[in-house]
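Hello,

Here is the structure I promised to pass on. Please have a look, then read my notes below.

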Amino acid sequence: MPTGIDHIVIAVDDLDTATRGFIAAGFTVTPGGEHKGGASATVLVTFQDGAYFELIAFRAAQGGYDAWRTLLQKAGEGFVDFALRTNDLDAELAALRSHGLDAQDPQSGGRFRPDGQRLDWRTLRFGPGDSAALPFYCVDETERALRVPGGEAAVHANGVTGVSTVRIVVAALTTAGTQYAALTGADGMPFHAGDDAVAGAIRFPIGTAGAVVELLEPAPGENPLRTQLAARGEKPYEVVLTGTVRTDGM
């Protein structure tokens, strides 16, 4: 089962512009460097709960992360994906397949930090037989602390400390909910979203730190959630952050 949210991917047109915007919003931003092959680069906003935002920009028309690049070109900047953590990716692969999910063989990836440090990881993604609302897994081959800086890098002037909720608009709540139950090992909890645009909603725990994924099915007719689904597909549309009130003048 997943042990927590690893990171949330935000595709942007320009890293410098995005970095200035996040700094203006009170976040600490850490340069992440280039992915292998040099077709994309990233900066990070890391949190004290171990999760982080990855802001990614593309430097070439091809070279990996094609689905993210296509969504950026189609719908503009925004959330394009998110990743989970697990302690044993090979065991997770076997468990996911045993629960009927179309889990693909893990693939190697990595990037080079600006200081030259090489980072290596493996990712596990789901095939076309599964809901596009499912995340992917990212598990480090090098030390995780090299990829996800903590300490002062995870302290933000706005007081944000972590990620509590990832919300996803889905086309069919029953289908996506069944697959998330297989993913998390939990039945999920239906809840009332308090929004006329929502026909149904279900919440799944991710790990043991309190983070959740909420799946929302749009109500019939024109509404913001249906517009979101048409524009960006079954991808994260809203992330709820946790935080503390800063009293030190920052």
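Asp140 sits in strand β8, which spans residues 136–140. This is a predicted model, so please read every value below as computed from it.

Is Asp140 buried or exposed? Its relative accessibility is 17%. The cut-off for buried is under 20%, so Asp140 counts as buried. Leaving out residues up to four places away in sequence, Asp140 touches Asp120, Trp121 and Arg147. I also checked Asp140 against Ser108. The two are 32 residues apart along the chain, and their C-alpha atoms are separated by 9.8 Å.

Next, Gln228. This residue belongs to helix α6. Gln228 has 19% relative accessibility, so Gln228 is classed as buried too. What does Gln228 contact beyond its neighbours within four places in sequence? The partners are Val169, Gly233, Pro236 and Tyr237.

Helix α6 also takes part in a helix pair. Two packed helices are described by the angle between their axes and the distance between the axes. Here the pair is α2 (residues 66–75) and α6 (residues 224–232). Their axes come within 9 Å. They cross at roughly 125°. Angles from 65 to 115 degrees would be roughly perpendicular, and those over 145 roughly antiparallel; α2 and α6 are therefore oblique to each other. On the α2 side, the contact is made by Leu71, Lys74 and Ala75. On the α6 side, Ala230, Ala231 and Arg232 make it. By type, the residues of this contact are four nonpolar, no polar and two charged.

Now the whole chain. How many helices and strands does the chain have? There are six helices and 13 strands. The chain has 250 residues, and a compact globule with that number would have a radius of gyration near 18 Å. The chain has 18 Å, so the value agrees with the globule rule. Along the principal axes, the C-alpha atoms fill a box of roughly 50 × 45 × 35 Å.

Buried residues make up 51% of the 250 residues. The accessible surface comes to about 11400 Å². Carbon and sulfur atoms account for 51% of that surface.

One more number, on contacts. Take those between residues at least 6 apart in sequence: 65% of them join residues at least 24 apart.

Best regards

Definitions and conventions:
Residues numbered from 1 in each chain as written. Predicted model: local features only at pLDDT ≥ 70, side-chain atom pairs only at ≥ 80, totals over all residues. Heavy atoms only, no water. Axes fitted to C-alpha atoms, helices over the stretch in contact; angles between N-to-C directions. Helix = DSSP H or I, 4+ residues; strand = E, 2+ residues; numbered from the N terminus. Parallel < 35°, antiparallel > 145°, perpendicular 65-115°, else oblique. Contact = heavy atoms within 4.5 Å. Nonpolar A, V, L, I, M, F, W, Y, C, P; charged D, E, K, R; others polar. Rg over C-alpha atoms; globule rule 2.2 N^0.38 Å. Buried < 20%, exposed > 50% of the residue type's maximum accessible area, 1.4 Å probe, protein only. Areas by Shrake-Rupley, 256 points an atom, 1.4 Å probe, with all protein chains shown as cover.
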